[in-house]
Amino acid sequence: MKTLIILAHPNLKNSLANKTIINELIESDLDIEIRNISELYPDFNINVNAEQEALVKADNIVFQFPFYWYNMPSILKQWFDAVFEYQFAYGSEGDKLKGKNFIPSFTVGGSIESYTFSGYNNFPVTDFTKNLEQTSNFAQMHYTKPIFENSMVYLEGIYNVKEEIIERARKQAKRVLKHLLYLQTKSKDKKGTVCT
């Protein structure tokens, strides 16, 4: 199975968590293509044909990004607006993504406790991801429960410990890889291949 990672970090060079996750995924033995859309499209002028072509070739699509203001970074929203076109992702002939796996993987700055009904963010993280779930449903894709870790912001001497964030990022990457391996095994089982 081919996995496409749509990486949407506005400043990956200075990232700690997302950069660690991506490096861990690159080192795996899986067939992975990474499209760093902030690097590819710094002017937000998305090459729709190139992105759609990459999506069509993939079985699994992982969306890797930092959780910004209870949502995705603006480059990823622009990407969805441009790429998930009528008659491509939806519409009477818009079945090009049907059956593909939609896998949100993101990093959350706030603590677990802050994303509760009694916390300062008032709601669980997954309450803010309904737009992703509905996008997946509308495109006839298989939605995966989001894979994320909390407390992923590092401000030296102020907020969090660098080594702990790296460890949490590695943990998240392992969860993504475990899910991708599960999907690969599930696919082989459907095709009648014996899995050991």
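A salt bridge is a side-chain nitrogen of Lys or Arg within 4 Å of a carboxyl oxygen of Asp or Glu. This is a predicted model, in which local features need pLDDT of at least 70 and side-chain atom pairs count only at pLDDT 80 or more, while totals for chains, interfaces and linings use all residues. Residues are numbered from 1 along each chain as its sequence is written, and side-chain values use heavy atoms, with hydrogens and water left out.

The structure holds eleven salt bridges, among them the following.

| Pair | N to O distance |
|---|---|
| Lys-2 and Glu-33 | 3.9 Å |
| Arg-170 and Glu-24 | 3.4 Å |
| Arg-35 and Glu-51 | 2.6 Å |

Lys-2 lies in strand S1 (residues 2-7) and Glu-33 in strand S2 (residues 31-36), so their bridge ties together parts that are 31 residues apart in sequence. Helices (H or I, at least four residues) and strands (E, at least two) are DSSP runs, numbered from the N terminus. Arg-35 in strand S2 and Glu-51 in helix H3 (residues 48-57) are 16 residues apart. Both Arg-35 and Glu-51 are buried, where buried means under 20% relative accessible area, exposed over 50% and partly exposed in between (1.4 Å probe, protein chains only). Salt bridges that share partners join Lys-2, Asp-31, Glu-33, Arg-35 and Glu-51 into one network.

Arg-170, in helix H6 (residues 162-190), and Glu-24, in helix H1 (residues 17-26), are 146 residues apart. Arg-170 is partly exposed at 37% relative accessibility, and Glu-24 is partly exposed at 23%.
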